Amino acid sequence: MSARGPEKPKFCTGCHKSYTFSGYESHLQQTTKSACVAIRLAEASRHLQSPSLSPAGGSPPSTSSPSIHGADSDKDEDVQPVAFEGDYYGSYSADDFDDFDEYDGDSEEASKNEEEQRQEALEEDDDAEADAANLEDETGWEPCAPQQPVSESADYHPGQDDNAPMPDGRGGPDRAAQSRAHQHLRSKMFAVPFPGNHAGSPIDRPRERSAYETYQAHIDSVNANPYAPFISAMDWKFARSLPELLGLSYKNSCELNAIIDNQLSSGRPRFVRRKIVVAGEVFEIFYRDILQCIRALYGDPEFADLLVFVPEKHYTDAGHTSRVYFDVHTGKWWWETQKQIEKRMPGTTILPVIISSDKTQLTVFGSKTAYPVYMTLGNLPKDIRRKPSRRGQILLAYLPTSRLEHIKNKAARRRTLANLFHACMAHVLAPLKKAGIDGIEVTSGDGVTRRGHPIFAMYIGDYPKQLLVTCCKNGTCPKCDIPRDDIGATTDSARPLRNLEKIMNALAKFDSDSPTAFSKACRDAGVKPIVNPFWKDLPYADVYQSITPDILHQLYQGVIKHIVSWLKSAYGPDELDARCRRLPPNHQIRLFFKGITTLQRVTGKEHADMCRFVLALIIGLPLPGEYSSVRLVRTVRALLDFLYLAQYPAHTSDTLKLLEDALHRLHTNKDIFVDLGVRQHFKLPKLHSLDHYVQSIKLFGTTDYRTINSNDKLRTEVSERGLRV
C-alpha cells in the first residue's frame, strides 16, 4: 500500500461511476459513450490550455503519465490521453466498435451499491500498488553481472529484454524476419517442373495388370470361391486371428505361413542366405534382392497415386526469388542427377534409394542382437516413408553381429569389423551398379511401365554408423574435413564437403601399391584404409552428400542431452528439480514430479518433453558467482529455436536463414559454460553436425522424414517381430 494512504476516488459525471485515478484515465481513453467522450475532450482541451503544463519555448507537452505517488499534494493531475493506435491484430477506430455498448447495469441497483463499488475499486487499486512494490523488490534479487570475467556485462543493462537483438546478433531472432518467413510458408507455391517432356515418361507399351488385378484374375480362374486360397469364410476368418473357429486347411503355423507367402499377393521378395568368410570365421548374411524390393515398393497398388516421377522446383512467388523445400523431389540433388542422366539417356525416371540401419537388442536379458538394414524409395512421399504401418519400408538385410572376439588385437578387430560391414553391404547393393547406369523396367501399381534408374541417395544412421559408412575416424566429421580441434568452435553452413575424388584416388591404391602405401594414402585423405567400400562403384553417388541429419541422435539424444547436463552443473540439481515440481499442469506438457536430473537412460521422447519447459526452468534463476544469466538464457533459447526450426515440414529460403541465425546465436553465447567452468571446450561432433543441416535440406528436402519414434516402431514392426516368430 502507498505510504500516503489510499487514493481518493474520481467520479465520472458521464456514466455516474467512481474510479481510481488510473482507472478513471483508462475509462476515459477507452470509452465510446458520448457523455464520457465529451468529458475526455473537455479535459484534454483544458490540459492544453493550462500554462503550468506548457514548457518554455512552446514545445508540445509531455504525454507521459505523472507519478501517482507524489508526496507534496494529493491533488489529481490531468494528463493528455494517448490515442489508441491498435494492437497486435491491427489498428482500429471507435467506429469499428460502435455496435457495442458498455454495460451500465441497472440504475436502481447502481445507486444502492455505489458506496460498495467505490470501496471495491479502492481495494483493487491498493492490491495493484502492493503487487507493483513486490515486483520492484523481486527484480533486484539477482546480483548484477560484474565487469570481469563476463564479457557481456558492459552492454547489458537492468531491465533489458533478454531476447532483444544485439548489434552483433547475440540476442533473439528478428521478429520481422520471422513473420516474413512464416508468411511465405502459408502463401501459394509456384511449381517449376523439370524441363522437357522426357523425364519420368512411361515406356510406350500397353498397360500391364496391377498386382491386385493379377491376383483377382488368378482367383477367378482357379476357383469361384471368393475366399480362395482358403476353403470357407470360417477358414479365412481364422487366418485373421480368430482361434475359436475350426475346420481349417492348415495344421500348423508353418503351413499357414506357407499359404500367406506363396499364394497371397504379399509383394515382398524372399530372403536369401549367403556365407562370408572373414579372418577365418564364417558369417551368415540374410538379404533380399534389392531390385525386387524396389519393384515391390514401386509397384504396390496402394502407392500408385502417390508416386513422384520427376523433380520440381517450388517457389513462394511468381518471380522465383524464394525457393521451397519439403520432399526429396523438391531438393537440388534429384534435379542435378536428372540433368546428368538425361544428357545420356532421355526419358529417365530416377529411383532414389534410401538406406538406413540400426542395431537392435532382441532380448530383454542377454546379448541377442540383430543388425537390420532397411530400404525405401524417395519416390514415396515422406508421410508414407516415416510410418512403418504404411509399409513404405522394406527390411532389406540382416548383417552379422559378431564382435570377432577371437581377434585379440583391438586395432585389427576394428578394421576387420569395418571391412566385414562394407563387404556385406557391397554384396547387398551390388545390383545397383549396372541398374543405375542402364536402368531397369519398373511398373507402378496402375500398370504403367517406366525405365527407372535406382541411385543410392541417402544413408540414415547415428554417428557411429555414419563414421562406419564414410570410413572416417572417431571424433571427426563424416561429411567435411574440418580439423578435429576446430569442431564445435565456430559455425559455417557453407563449409565444403570432403573431396570425393581425392578419397577415390587413395582407395584405388589398394590394388596397385603396397599395404603401407595404401594405408598412408588413406591417412592423408582423412579416411580409414577400408578395402572396397560399398559405395565405391555405385553410379552418381557421393556418400558424403548422402549422410543426412538425424534429429533423434544429433539433437534430442545429442546436443539437448548435453545442455541438460550443463544446466545441472551450472545451477545445481536441487533448484532445477524444485522448479520442475512447481510447474503447473498444462496441455501437451509432461510433468516430471521427481525432477529431470535423476533420470537414467533418458529416451528421445523424454528429451522432447523436457524441451517444452526447459527454458522456463532457468528464466530468472541466478547463477553462482554473480554471473549474469543473459548469455545462458540466449544459448538455450537459440538451441530450442534451431531444434524446432529444423523440424519444419517445409522450408523456404527465409526460414533457412532463420535456422542459420539460430545456430550463429548458439555459438556466439555458448562460451558462458566455459566461463562457469562447466565446459573446457566444445569439440562435440554432434554439435558440429548442425552446420550441415541447411545444405542437406537444400539437397534432399526437410528433416521430418523420420520422427523421434520411427526407429523404435520400425524395429518392432519389421525386424524384432519377425525374428521372434
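Cavities, cores and confidence in a predicted model

Me: How much space lies in the largest cavity, and how many cavities does a search of the whole structure find?
Reply: In this predicted model, about 150 Å³ of space lies in the largest cavity. The search of the whole structure counts cavities of 30 Å³ or more, and their number is 11.

Me: Which element gives the largest share of the lining of the largest cavity?
Reply: The lining has 20 residues, and Gln466, Pro478, Lys479, Gln554 and Ser689 lie nearest the centre of the cavity. Two or more lining residues come from each of α14 (463–470), α19 (551–571) and α26 (685–688). By class, the lining holds seven nonpolar, nine polar and four charged residues. The largest share is three residues, and the element that gives it is α26.

Me: Is Gln554 buried or exposed?
Reply: Gln554 is found in helix α19. Beyond four places in sequence, Gln554 is in contact with Gln466, Thr548, Pro549, Val559, Lys686, Ser689 and Tyr693. Buried means under 20% relative accessible area. Because the relative accessibility of Gln554 is 8%, this residue counts as buried.

Me: What separates the C-alpha atoms of Asp462 and Leu552?
Reply: Asp462 lies in the loop between β13 (449–460) and α14, and its relative accessibility of 15% is why it counts as buried. Not counting residues up to four places away in sequence, Asp462 touches Asp550 and His553. Asp462 and Leu552 are 90 residues apart along the chain, and their C-alpha atoms are separated by 8.6 Å.

Me: Which element gives the most to the lining of the second largest pocket?
Reply: About 1,100 Å³ of space lies in the second largest pocket. Its lining has 32 residues, with Lys359, Tyr371, Pro400, Thr401 and Ser402 the closest to the centre. Two or more lining residues come from each of β5 (281–287), β10 (369–377), β11 (394–399), α12 (410–429) and α14. With eight residues, the element that gives the most is α12.

Me: Which residues have the most contacts inside the largest nonpolar core?
Reply: A second, separate core has 57 residues, including Leu583, Leu645, Leu663 and Leu666. The largest core has 65 residues. Trp535, one of those with the most contacts inside the largest core, is in contact with residues beyond four places in sequence, among them His422, Val469, Leu500 and Tyr544. The residues with the most contacts inside the largest core are Ile355, Leu429, Phe534 and Trp535.

Me: Which residues of α27 are buried?
Reply: Helix α27 spans residues 693–700 and is mostly covered, with six of its eight residues buried. Just after α27, Gly701 takes a positive phi of about 95°. The buried residues of the helix are Tyr693, Val694, Ser696, Ile697, Leu699 and Phe700.

Me: Over which residues does pLDDT stay under 50?
Reply: The mean pLDDT of the chain is 78, and 74% of its residues reach 70 or more. Where pLDDT is low, the predicted coordinates should not be read in detail. One stretch under 50 has 55 contacts beyond four places in sequence, and another has 62. These stretches are, in turn, residues 51–113 and residues 121–168.

Notes: Residues numbered from 1 in each chain as written. Predicted model: local features only at pLDDT ≥ 70, side-chain atom pairs only at ≥ 80, totals over all residues. Heavy atoms only, no water. 1 Å grid on protein atoms, 1.4 Å probe; cavity = no way out; pocket = protein on both sides within 12 Å on 5 of 7 lines; lining within 4 Å. Points joined across faces, edges and corners; volume = space filled by probe spheres on them. Helix = DSSP H or I, 4+ residues; strand = E, 2+ residues; numbered from the N terminus. Nonpolar A, V, L, I, M, F, W, Y, C, P; charged D, E, K, R; others polar. Core = buried A, V, L, I, M, F, W, Y, C linked by side-chain atoms within 4.5 Å. Buried < 20%, exposed > 50% of the residue type's maximum accessible area, 1.4 Å probe, protein only. Contact = heavy atoms within 4.5 Å. pLDDT = per-residue confidence, 0-100.
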